[in-house]
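Hello,

Here is the structure I promised to pass on to you. Please have a look at it first, and then read my notes below.

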Amino acid sequence: MAMWLGIISVLPELIDAARSGGVFARALEAGSLQLQTFNPRDFAKDKHRTIDDRPYGGGAGMVMMTAPLVSALEAARAAAPDTPKVVLMDPQGEVFQQATAVQESQTGSLIIVCGRYEGLDQRFVDHYVDERWSIGDYVLSGGELAALVVCDAIARHIPGTLGNSLSIIDESHLDGTLDYPHYTRPVDTAEGSVPDVLLSGDHQRIFEYRRREALQRTFHQRPDMLIRRVFSDADRKLLTACFAASKEQQNTTKKQ
Ligand code: ADE
């Protein structure tokens, strides 16, 4: 089933740039994704096509007006194949996670609203926005780049988008750990050799090596991802070994 994404933005050219390569181009070409943009400026009523105004109560910057946003949203809803959820890209929203990307890829459609300037009139948010998503604790000058990040993360999970569907089963974050390291030909380079186990043809040993590497990376780089997780006995053993090795390392460093 194809997924339909409607993006409301005053800078549709930023969104359209993504059509020309990578996962978007592939998904659009394969017909697994449809992407439509809706520019609130096209729905502004005055001759200057105004979409923003000064904030009541004073303060810096401009606020996006409700009416052009509502008209753009109505156009998006009319174009959608079903009744999509409306998401606002917002640094104050909930942080977008891999699990959400997978979940959304299984829905038929989604409308994403990109804010610019100081923000949107709160009445639009209160009346029309179902969820607010942030891509991290930093502020971009608009929601467009953030929208592209989430659309990319969603698009790669739509069946038929990625050539090798196995690569998505394996990859980082899906099972709550980071990815293991990858190597390709040649076996020996000036920078080192491929670990022997990967050349052994022994699938069980390769699986164990990769799992150990993934858990080790997660332990060192993103220990927060391991909190409140339930582990298999094998994973628990590997993590205990990581912890012991890390303690050992700390003690050696202290002694030096
Ligand atoms: N708009 C501006 N900054 C953003 C962020 N970090 N995430 C989502 N939308 C945004």
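A disulfide is counted here as a pair of cysteine sulfur atoms within 2.5 Å. Please keep in mind that this is a predicted model. With that cut-off, a search of the whole structure turns up zero disulfides. For Cys114, the nearest cysteine sulfur belongs to Cys151 and is 8.0 Å away, so Cys114 is in no disulfide under the 2.5 Å limit.

You will find Cys114 in strand 6, which covers residues 109-114. Is Cys114 buried or exposed? Its relative accessible area is 1%, and because anything under 20% counts as buried, Cys114 is buried. Leaving out residues up to four places away in sequence, Cys114 touches Ile7, Ile8 and Ser9, along with Met64, Gly143, Glu144 and Ala147. The C-alpha atom of Leu145 is 8.9 Å from that of Cys114, although the two residues are 31 apart along the chain. Another cysteine, Cys242, is also counted as buried, with a relative accessibility of 4%.

Next, have a look at Ser32, in the loop that runs between helix 2 (22-30) and strand 2 (33-38). Ser32 has 7% relative accessibility and therefore counts as buried. Which residues are in contact with Ser32, if its neighbours within four places in sequence are set aside? They are Met1, Ala2, Met3 and Ala27, together with Ile158, Pro159, Gly160 and Thr161.

Helix 3 is worth a visit too. This helix has 14 residues, 66-79, and its first and last C-alpha atoms are 20 Å apart, close to the 20 Å expected at 1.5 Å a residue. Its buried residues are Pro68, Leu69, Val70, Ser71, Ala72, Leu73 and Ala76.

Finally, there is the largest pocket, which holds about 450 Å³ of space. It is lined by 25 residues, and those closest to its centre are Met89, Asp90, Pro91, Gln92 and Gly119. Two or more lining residues come from each of strand 5 (85-95), strand 7 (119-120), helix 5 (122-128) and strand 8 (131-134). Strand 5 gives the most, with five residues. By type, the lining divides into 12 nonpolar, nine polar and four charged residues.

I hope this helps you find your way around. Enjoy exploring!

Best wishes

Terms used: Residues numbered from 1 in each chain as written. Predicted model: local features only at pLDDT ≥ 70, side-chain atom pairs only at ≥ 80, totals over all residues. Heavy atoms only, no water. Helix = DSSP H or I, 4+ residues; strand = E, 2+ residues; numbered from the N terminus. Buried < 20%, exposed > 50% of the residue type's maximum accessible area, 1.4 Å probe, protein only. Contact = heavy atoms within 4.5 Å. 1 Å grid on protein atoms, 1.4 Å probe; cavity = no way out; pocket = protein on both sides within 12 Å on 5 of 7 lines; lining within 4 Å. Points joined across faces, edges and corners; volume = space filled by probe spheres on them. Nonpolar A, V, L, I, M, F, W, Y, C, P; charged D, E, K, R; others polar. Expected span 1.5 Å × (residues − 1).
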